[in-house]
Amino acid sequence: MSDLPWGRIALACMGYLAAVLIAAAITVFAMLAPSALPDNGAWGSIYANSRQLVDIYSVGLAITFPTALPGFLLTLFVARRTGWVGWLPYACAGVLDAILALAIFDLGLQMLDPLPPRIPLLGMPLKILLPCVPGGFAGGFAYWALVRRSLPSNRQWFWA
């Protein structure tokens, strides 16, 4: 038999899935919220955007799932070493993970671009960067609420 705690690994994977689903939903909501304002269609109509909501959310999930994984694993490592228990460190780590995921996404786009390389996130529009902050915060909180809060003590938990 192996020494890996498969139940804990499965719980961490479920927590990551929940964090990504919630972070993408909050980010899409924050991106589309200005379209409900009466701005004469500067961002488009909320009704036009609501027809594309499934497509926008699917693209957000497809981008978030692989790009947020390195930051998530780093968060688990830091949380284990420092003994995080409360929700705030996980939520703040979610914000940092969202920024790291955008940097990874930007680096991936640079690999496809024939122009000279630039510093990641330097040319990222604020329309993309700002909505990711509440999304990352909500994703980190979701992970804590699903996984970490349900654990009895810090000593009994291997992954967080």
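Helix α1 contains 27 residues, and its first and last C-alpha atoms are 39 Å apart, close to the expected 39 Å; that expectation is 1.5 Å times one less than the number of residues. Helices here are DSSP runs (H or I, at least four residues), numbered from the N terminus. The model is predicted, so local features need pLDDT of at least 70 and side-chain atom pairs pLDDT 80 or more, while totals for chains, interfaces and linings use all residues. Residues are numbered from 1 along each chain as its sequence is written, and side-chain values use heavy atoms, without hydrogens or water.

The buried residues of α1 include Ala12, Tyr16, Ala19, Ala23 and Thr27, where buried means under 20% relative accessible area (1.4 Å probe, protein chains only). An α-helix has 3.6 residues a turn, so residues three or four places apart point the same way.

Rings of Phe, Tyr and Trp (its six-membered ring) pair if their centres lie within 6.5 Å; planes under 30 degrees apart are stacked, over 60 edge-to-face and the rest tilted. This rule gives 8 aromatic pairs. The Tyr16 and Phe72 rings form a tilted pair, because their planes meet at 45 degrees, with centres 4.7 Å apart. Tyr16 belongs to α1 (residues 6-32) and Phe72 to α4 (residues 69-82), so the pair ties together parts 56 residues apart in sequence. Tyr16 is buried at 6% relative accessibility, and Phe72 is buried at 10%.

Tyr90 and Tyr143 are also a tilted pair, with centres 5.9 Å apart and planes at 40 degrees. This pair links α5 (residues 87-112), which holds Tyr90, to α6 (residues 126-146), which holds Tyr143, across 53 residues. Both tyrosines, Tyr90 and Tyr143, are buried. Together with Phe65 and Trp84, the residues Tyr16, Phe72, Tyr90 and Tyr143 form one aromatic cluster.

Conventions. Helices (H or I, at least four residues) and strands (E, at least two) are DSSP runs, numbered from the N terminus. Buried means under 20% relative accessible area, exposed over 50%, partly exposed in between (1.4 Å probe, protein chains only).
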